[in-house]
Amino acid sequence: DGKIFLNAQPFSMAAPSFADRLEGLVAAAGIPNARVVLEITEQQTIQNPRALASSLGRLRERGFDLAIDDYREGNSNLHLILELRPAYLKIARLFAQGLDRDERRKTLVTLTAEMASRLGMVTILEGVETPAECAQARALGVDCAQGYHIARPARAEDLARTLQQIPAVENVHP
């Protein structure tokens, strides 16, 4: 019942055929569009913002969601949040490392989580590797966590078993 996050490059997503091709692949896999979230990274410059916005509009109309990946790393363009209106904001792992011990990281994560909440976005902190980092993220208002503390990368055939082993308490988003 969870979401499937797919990384896609802005250049690929801006192609006129991207929406149709993605929808066809998702349908062939038997996955409802509403379960798929496309992650767009800030680290790649968007060459054709109009084409990307058009493609994302078509995808949204078909039920797909969007996430900004690695937020606060790379270009950190706030205009992506304004223009693309993502449902999810994935905070770069840099901010998880030592989050429980670093006041500067705590401040930046708190402010990012508050901004995202006010804009109606779900936050996901990447790179959470310890119980202390996970607890601190939760205390600072982060909705979800991703990283080795939650689950290790797994082959597709092992994913269902891995998901069953994750304690529900670790998913801080209902």
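Select Leu125 to begin: it stands opposite Ala145 in strand S6. Two bridges join S5 (residues 122–125) to S6, and the two strands run parallel. Strands here are DSSP runs of E of at least two residues, helices are runs of H or I of at least four, and both are numbered from the N terminus.

The model is predicted: local features need pLDDT of at least 70, side-chain atom pairs count only at pLDDT 80 or more, and totals for chains, interfaces and linings use all residues. Residues are numbered from 1 along each chain as its sequence is written, and side-chain values use heavy atoms, with hydrogens and water left out.

**The sheet**

Next, display all the strands. Six of them form an open, parallel sheet in the order S1-S2-S3-S4-S5-S6; strands count as paired if DSSP finds at least two bridges between them. Strand S1 (4–8) and strand S6 (144–145) stand at the edges with a single partner strand each, so one side of each has no neighbour in the sheet.

**The aromatic pair**

Select Phe5 and Tyr88. Their rings form an edge-to-face pair, 5.2 Å centre to centre with 75 degrees between the planes. Rings of Phe, Tyr and Trp (its six-membered ring) pair if their centres lie within 6.5 Å; planes under 30 degrees apart count as stacked, over 60 as edge-to-face and the rest as tilted. Phe5 belongs to strand S1 and Tyr88 to strand S4, 83 residues apart. Phe5 is partly exposed at 27% relative accessible area, whereas Tyr88 is buried at 10%. Buried means under 20%, exposed over 50%, and partly exposed in between (1.4 Å probe, protein chains only).

**Salt bridges**

The structure holds nine salt bridges, each a side-chain nitrogen of Lys or Arg within 4 Å of a carboxyl oxygen of Asp or Glu. Select Glu126 and Lys90, whose closest N and O atoms are 3.5 Å apart. Glu126 sits in the loop between S5 and helix H6 (131–139), and Lys90 in strand S4. Glu126 is buried at 7%, and Lys90 is buried at 3%.

Finally, select Asp20 and Arg62, a salt bridge with its closest N and O atoms 2.8 Å apart.
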